[in-house]
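Thanks, everyone. I'll keep this short and take one stretch at a time. Here is the chain.

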Amino acid sequence: LYDQLNQKLIKHGFILSLYTYDKIESLIKESGAAILTGIEEGDLRINRLKDSEIPFVTIGKSTNNFWVCPDDESGGRIAAEHLLSLGCKRNVIIENVLEGKGTKARAIGFQTCLQQNGLMSSNLYIKEFKAIELQTYRVVMSMLKQGTLNFGAAFCESDEIAYGALMACKD
């Protein structure tokens, strides 16, 4: 996605630059607009960009700002329908224990579809630390070794959780 977006922007005379959360001042000095990801309640970047009159959009719902947001609930439903079409009936949802991460609707869509088809899933909640991928890997690996996590398919709330779970399953 990054490469495709960047190529399209280059054709129109723009360059896509990535800035980490702590580099907002560099973004303000070097950029004419911003796309914010990973927004949270009270995100300091939003007020800083508004104060600097830098136009921006957030990925994910943001009160009193321009935002774009995927239909995560439909995405979860589509994923469940796909797994059901493959015959997967023992499913686990691996999700972040924290609310407000913006991806809970994925798990809701997945769970709703399973329930509509007379199935239930088990849920595994990961406590988020700085590296959710590593934490997910550790939890899933431990449970697999102990034999306490038995599933035919896993649905993960986020890409980061999916990466950690996939690495644990591969190992």
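Start with V68, which sits in strand β3. This is a predicted model, so keep that in mind throughout. Is V68 buried, partly exposed or exposed? It counts as partly exposed, because its relative accessibility is 43% and that class runs between under 20% for buried and over 50% for exposed.

Together with L5, I35 and I59, V68 makes up a nonpolar patch. The accessible area of the four together is about 320 Å².

Now the sheet around it. How many strands form this open sheet, and in what order? Three, running β1-β2-β3, with parallel pairing. A quick reminder: strands of a sheet pair through backbone hydrogen bonds, either parallel or antiparallel. In this sheet, β1, residues 34-36, and β3, residues 67-68, are the edge strands. Each of those two pairs on one side only.

Look at the β1 pairing. Strand β2 covers residues 56-59, and three parallel bridges link β2 to β1.

Next stop, E157. Where is E157? In the loop that joins β6, residues 153-156, to α7, residues 159-170. Is E157 buried or exposed? Buried: its relative accessible area is 1%, and the cut-off for buried is under 20%.

What does the E157 side chain reach? The backbone nitrogen of N96, at 2.6 Å.

So, two places to look at. V68 is partly exposed in β3. E157 is buried in its loop, with its side chain reaching N96. That's my part.

How values were computed
Residues are numbered from 1 along each chain as its sequence is written. This is a predicted model: local features need pLDDT of at least 70, side-chain atom pairs count only at pLDDT 80 or more; totals for chains, interfaces and linings use all residues. Side-chain values use heavy atoms; hydrogens and water are left out. Two strands pair if DSSP finds at least two bridges between them. Helices (H or I, at least four residues) and strands (E, at least two) are DSSP runs, numbered from the N terminus. Patches are made of residues with over 30% relative accessible area and no salt bridge: like charges are joined within 9 Å, nonpolar side chains (Val, Leu, Ile, Met, Phe, Trp, Tyr) within 5 Å. Accessible areas come from the Shrake-Rupley method with a 1.4 Å probe; for residues, only the protein chains shown count as cover. A salt bridge is a side-chain nitrogen of Lys or Arg within 4 Å of a carboxyl oxygen of Asp or Glu. Buried means under 20% relative accessible area, exposed over 50%, partly exposed in between (1.4 Å probe, protein chains only). A polar contact is a pair of N or O atoms within 3.5 Å; within protein, one must be able to donate a hydrogen and the other to accept it, and residues adjacent in sequence count only if both atoms are side-chain atoms.
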